[in-house]
Amino acid sequence: MIFANLLRGKYVPLHVPENRHYDDLNEHNMQVLKFGGSSVADAANMAKVTDTIIKAVDRDRTILVVSAIKDCTDTLIRIGTLASNRDEKYKELINGLQEQHHAIIKELLPMEKQDDSLEACDSLFASLRSI
């Protein structure tokens, strides 16, 4: 389940606004919001996206699609290319990508949620390193 309102220190599931049920929404209204690249490049941009999502969910049923942060996909492709060519520089790219994700977690999440998220992030990057 996707959660919004991270910056306010509470988690609100986006699939149903706090004060409404889907039965209250017009069954014919549906919106799909897709964010990726520069719109989720860093914590500041993610905060703007979060506000947009909260407003959208109050209006209509909403499907949320979030893709990779800015340059992540290209970096992953570069990592794969370097690794397949046995170029050790791929490790630096993995480290940089991991640091970028850490910075976002530390800036967006309240302190009490950071450890679990950082651990999950580190686990995913450890899996990437083991390929």
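I began with the term "patch": residues with over 30% relative accessible area and no salt bridge, like charges joined within 9 Å and nonpolar side chains (Val, Leu, Ile, Met, Phe, Trp, Tyr) within 5 Å. A salt bridge is a side-chain nitrogen of Lys or Arg within 4 Å of a carboxyl oxygen of Asp or Glu.

The model is predicted; local features need pLDDT of at least 70, side-chain atom pairs count only at pLDDT 80 or more, and totals for chains, interfaces and linings use all residues. Residues are numbered from 1 along each chain as its sequence is written, and side-chain values use heavy atoms, with hydrogens and water left out.

**Overview.** I found four helices and four strands in the protein chain. Helices (H or I, at least four residues) and strands (E, at least two) are DSSP runs, numbered from the N terminus. Their order from the N terminus is β-β-β-α-β-α-α-α. Of the 131 residues, 31% are buried. Buried means under 20% relative accessible area, exposed over 50%, partly exposed in between (1.4 Å probe, protein chains only).

**Negative patch.** I looked up Asp 115, Asp 116, Glu 119 and Asp 122, which form a negative surface patch. Asp 116 sits in helix 4, residues 111–129. Asp 116 counts as exposed because its relative accessibility is 59%.

**Thr 62.** Next I went to strand 4, residues 61–69, which holds Thr 62. Is Thr 62 buried or exposed? Thr 62 is buried, because its relative accessible area is 15%. Its side chain makes a polar contact (a pair of N or O atoms within 3.5 Å, one able to donate a hydrogen and the other to accept it; residues adjacent in sequence count only if both atoms are side-chain atoms) with the side chain of Gln 31 at 3.0 Å. The Thr 62 side chain also reaches the backbone oxygen of Asp 60 at 2.9 Å.

Definitions and conventions. Accessible areas come from the Shrake-Rupley method with a 1.4 Å probe; for residues, only the protein chains shown count as cover. Lys and Arg count as positive and Asp and Glu as negative; His and the chain ends are not counted. The place of a charge is taken as NZ of Lys, CZ of Arg, CG of Asp or CD of Glu.
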